[in-house]
Amino acid sequence: MKKKIKKIGIITRDCAGINAAIRAVVRASYRAGFKTTGIIRGYEGLIENNTIELNPRSVSGIINRGGTILKTARAKQFRYRKGQKQAVKTLESNNIDALVVIGGNGSLTGASILSSQYSVPVVGIPATIDNDINGVAMSIGADTSLNVALGALDKIRDTATSLERIFVVEVMGRDCGYIALRAGLAGGCEDVILPEKKLDIKEISKEISEGNIKGKKSWIVVVAEGKAKAADIAKKITKLTGLETREVVLGHIQRGGRPTAYDRILAARYGYHAIELIEKGQTGRCVTLRDDKLSAIPLSKAIKKKDIEVNSYYKLIKILT
Ligand code: F6P
């Protein structure tokens, strides 16, 4: 017989919108009659028994705050069985009957291990600026991050246009070019360099040189950090074109900040649905949307590599340049 759920643990990574998701999980749990415990510092806290009791009041005033009130850390020990067993012990000693894991690929891989190898009832909520969760069109945090990158590109464009200069802007995205591709299109950038696409620096430089002769003097190339470093690309463009090229690295400003309305709404819906799934005993899953309706996929599917649509977006970037 399945154990009756009384208390839910919440563990997170960090990005904008995660606090809104914690709030949703805590308050939806309260409505469902479940208590909630936050795990401090991610899987490290799960191993080290670092927890805090949460209630609807303790998540007041966090809907608009970036980051995670629960703090987070990478936990090497969780890669090994010893750490995993210790994590399960923490769940048992705190009477946590089910876990909600809010995060990206690494966090959901941990969730999948706890679910498949230790029979812990787990539901995952996708939250990562990389938007690289397989089977999930939108992860919490991706929209905020994209808009931060876009805001920076708009500012850089002012200078690029005024000084007739070339810029290479490095955005986040380790294995996935989501931010680079979308920010490139939304920001009217001339080219994007992505993990999903072959890099041809000679071709990019040729286009810049030809454009320069025709009178197109400013140029913004967006590069996803996982594919190349902006400084290296800028150096090569200068060498091949003879034109002054500057690099900008946006870095972690893309991960924090006030979540957009889109991310807060997504967090509310995902958080609520995670608790619905736990109530129904439908765990081992990751929440998602299908045709704008709440839905779920197996965690084992969510942690597989996601292929993003590149060609149609890239084609538009080039046509509209
Ligand atoms: O996965 C999200 C992400 O922000 C990536 O885009 C980036 O490569 C990575 O995390 C950076 O991680 P850290 O802050 O641990 O260096």
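The largest pocket of this predicted model has a volume of about 780 Å³. A pocket here is an open set of points on a 1 Å grid over the protein atoms alone, where a 1.4 Å probe fits and protein lies on both sides within 12 Å along at least five of seven lines; lining residues have an atom within 4 Å of a point. The volume is the space filled by probe spheres set on the points, which are joined across faces, edges and corners. Lining the largest pocket are 33 residues, and Arg13, Arg74, Gly106, Ser107 and Arg174 are the closest to its centre.

Residues are numbered from 1 along each chain as its sequence is written. Local features need pLDDT of at least 70 and side-chain atom pairs pLDDT 80 or more, while totals for chains, interfaces and linings use all residues; side-chain values use heavy atoms, without hydrogens and water.

Several elements contribute to the lining of the largest pocket: strand E1 (7-12), helix H2 (42-48), strand E4 (98-103) and helix H4 (105-118) each supply at least two residues. Helix H4 gives the most, with six residues. Helices (H or I, at least four residues) and strands (E, at least two) are DSSP runs, numbered from the N terminus. By class, this lining holds twelve nonpolar, ten polar and eleven charged residues. Ala, Val, Leu, Ile, Met, Phe, Trp, Tyr, Cys and Pro count as nonpolar, Asp, Glu, Lys and Arg as charged, and the others, Gly among them, as polar.

The second largest pocket contains about 360 Å³ of space. Its lining has 16 residues, with Lys3, Ile5, Asp97, Ser119 and Pro121 nearest the centre. Helix H3 (residues 81-93) provides the largest share of that lining, three residues.

The chain is assigned domain 1 (7-141 + 259-302) and domain 2 (145-255), with bounds from an automatic or database domain assignment. Each domain gives at least three residues to the lining of the largest pocket. The C-alpha centres of the two domains lie 35 Å apart. Their contact (heavy atoms within 4.5 Å) takes twelve residues from domain 1 and ten residues from domain 2.

The size of an interface is often given as the accessible area lost when the parts come together. Domain 1 and domain 2 bury about 880 Å² between them, 48% of it on carbon and sulfur atoms; this is accessible area (1.4 Å probe), summed over both parts. On the domain 1 side, Asp14, Ile129 and Asp130 lose the most area to domain 2, together 54% of what that side buries.

One salt bridge is counted between the domains, a salt bridge being a side-chain nitrogen of Lys or Arg within 4 Å of a carboxyl oxygen of Asp or Glu. Asp14 also forms a salt bridge with Arg255, the closest N and O atoms being 3.1 Å apart. The whole structure has twelve salt bridges.

Technical notes:
Buried area = accessible area lost by both parts, 1.4 Å probe.
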